[in-house]
Amino acid sequence: VMLRAYYGHGFIANSAALPLLGISEEEADPMGGYYERVGKSRIVNGRMWEYAEWKPMRKLGEYVGDEEVISGLRKMADEAKGFGVTTLQVMPSINANKFAQLVSKADLPVRIRVIAFPLSTSVGRDISEMPSGERMGAKTIVSGIKWVLDGTPIEHAAALLSPYADRTDTKGTLNFSREEIRKMLKESVEADQQVLFHCAGDGSAAAVLDAMESFGAYVDWKAKRVRIEHGDGVGSKLLKRAEKLGVVIVQNPTHFTLGEITDLRYGKGADFFRFRSYFESGIPAAIGSDGPMNPFLNIMLASIHPGRPDEAVSRETAVIAYTFGSAYAEFAEKEKGRIAPGQLADIAVLSQDIFSAPVPALPGTTSVLTVLGGKIVHDTGAVK
């Protein structure tokens, strides 16, 4: 038995599962994560956090046959084209190169950018999966590398600059030291690969900006487009620094619905979950799902921002963030993200006008015709 926390950080496995997951009775903690122990002993109790939880995810992937992975990929792609989504940026729990090979073999009706999500051991991070930016067919590319710097506010693991409002004895924890974050940046520059940082708290986002600034004029960070995934903590104290360094923020509007628990953790009115401010400050911003794939759900949430209505954006801005913003976030804005001469003919005809539909109706939007590179890949027959 293996149970995963609904917020994506943390597993509980029973004693029968541990050896099947490759976890020994006294498994050493990996860099960036840890196993809980029985009392004061070294025996693991089945609860694992951060980089300790992703080793078993990789192990689970080994139990899945290639044909089953390909079947799952095709189901995912069918869902995507039904929403009019033509590109997915995926951080797989299995080896990125193997995943990309299976994506290419599946011949999906969508484009896939595969982003490496490497593991760590008790002696350090495993960077053997550093991608080369190689294209695997016309619709698949392997590029970028992601590191998770903190957990979430739900389990008090987002790294903060100030103590939690409901637990003043902690500010959360960075999964990696500041020196290790600097090494991640240096590695990405040397490999000429974009680096993506999961940052839920303001402390983790500040640590990234601090590390970038420590290089001085040695690196043109705007050209590197360092990505902060979520960026919930990029508030007023960090906006100018983020803009100056050219950081790209990929926000997930589903996070805007966590109001009750985040008010409890951060304190009501705390400077988190900005969105409009990114555009006003000149920070490149994109929207990703981090939950249900439905883009129209996230467009709705971005346009009303239930947690901070003052940070809501127009539907037009949300659509641009989802299309051009996401293309920019993968260095692909010269080929896609807009309907314009010279751009790829990736187009969706939607079931309703999303700029005038009633707010509650937006998540019900679907694509009636999806075109990829000029080829129809989804057609409900509604367009005559």
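Predicted model: local features only at pLDDT ≥ 70, side-chain atom pairs only at ≥ 80, totals over all residues.

Reader: Okay, how do helix 6 and helix 8 lie to each other, roughly parallel or oblique?
Author: The axes of helix 6 and helix 8 (residues 236-245) cross at roughly 40° and come within 11 Å. Angles under 35 degrees would count as roughly parallel. Helix 6 is therefore, relative to helix 8, oblique.

Reader: And which residues of helix 8 does helix 6 meet?
Author: From helix 6, the residues involved are Asp 202, Ala 205, Ala 206, Leu 209, Asp 210, Met 212 and Glu 213. By class, this contact splits into seven nonpolar, no polar and four charged residues. On the helix 8 side you'll find Leu 238, Arg 241, Ala 242 and Leu 245.

Reader: What about helix 5 and helix 6: is their crossing left-handed or right-handed?
Author: Those two pack with axes 9 Å apart, at an angle of about 60°. That angle makes helix 5 oblique to helix 6. As for the hand of the crossing, helix 5 passes helix 6 in one that is right-handed.

Reader: How many charged residues sit in that contact of helix 5 with helix 6?
Author: Helix 5 brings Arg 178, Ile 181, Arg 182 and Leu 185, while helix 6 brings Ala 207, Val 208, Asp 210, Ala 211 and Met 212. Six residues of the contact are nonpolar and none is polar. The charged count is three.

Reader: Is helix 3 oblique or roughly perpendicular to helix 4?
Author: Helix 3 (residues 66-83) and helix 4 (residues 96-106) have axes 9 Å apart and an angle of about 65°. Angles of 65 to 115 degrees fall in one class, so helix 3 is, to helix 4, roughly perpendicular.

Reader: Let's turn to the second largest pocket. Which element gives the most to its lining?
Author: The second largest pocket holds about 380 Å³ of space, and of its 24 lining residues the closest to its centre are Arg 113, Ile 141, Ser 143, Glu 330 and Phe 331. Strand 6 (111-116), strand 9 (140-148), helix 5 (178-191) and helix 7 (221-224) each supply at least two lining residues. The top contributor, with four residues, is strand 9.

Reader: How many charged residues does that lining have?
Author: Split by class, the lining of the second largest pocket has eight nonpolar and seven polar residues. The charged ones number nine.

Definitions and conventions: Residues numbered from 1 in each chain as written. Heavy atoms only, no water. Axes fitted to C-alpha atoms, helices over the stretch in contact; angles between N-to-C directions. Parallel < 35°, antiparallel > 145°, perpendicular 65-115°, else oblique. 1 Å grid on protein atoms, 1.4 Å probe; cavity = no way out; pocket = protein on both sides within 12 Å on 5 of 7 lines; lining within 4 Å. Points joined across faces, edges and corners; volume = space filled by probe spheres on them. Nonpolar A, V, L, I, M, F, W, Y, C, P; charged D, E, K, R; others polar. Left-handed = near helix turned anticlockwise from the far one by under 90°. Contact = heavy atoms within 4.5 Å.
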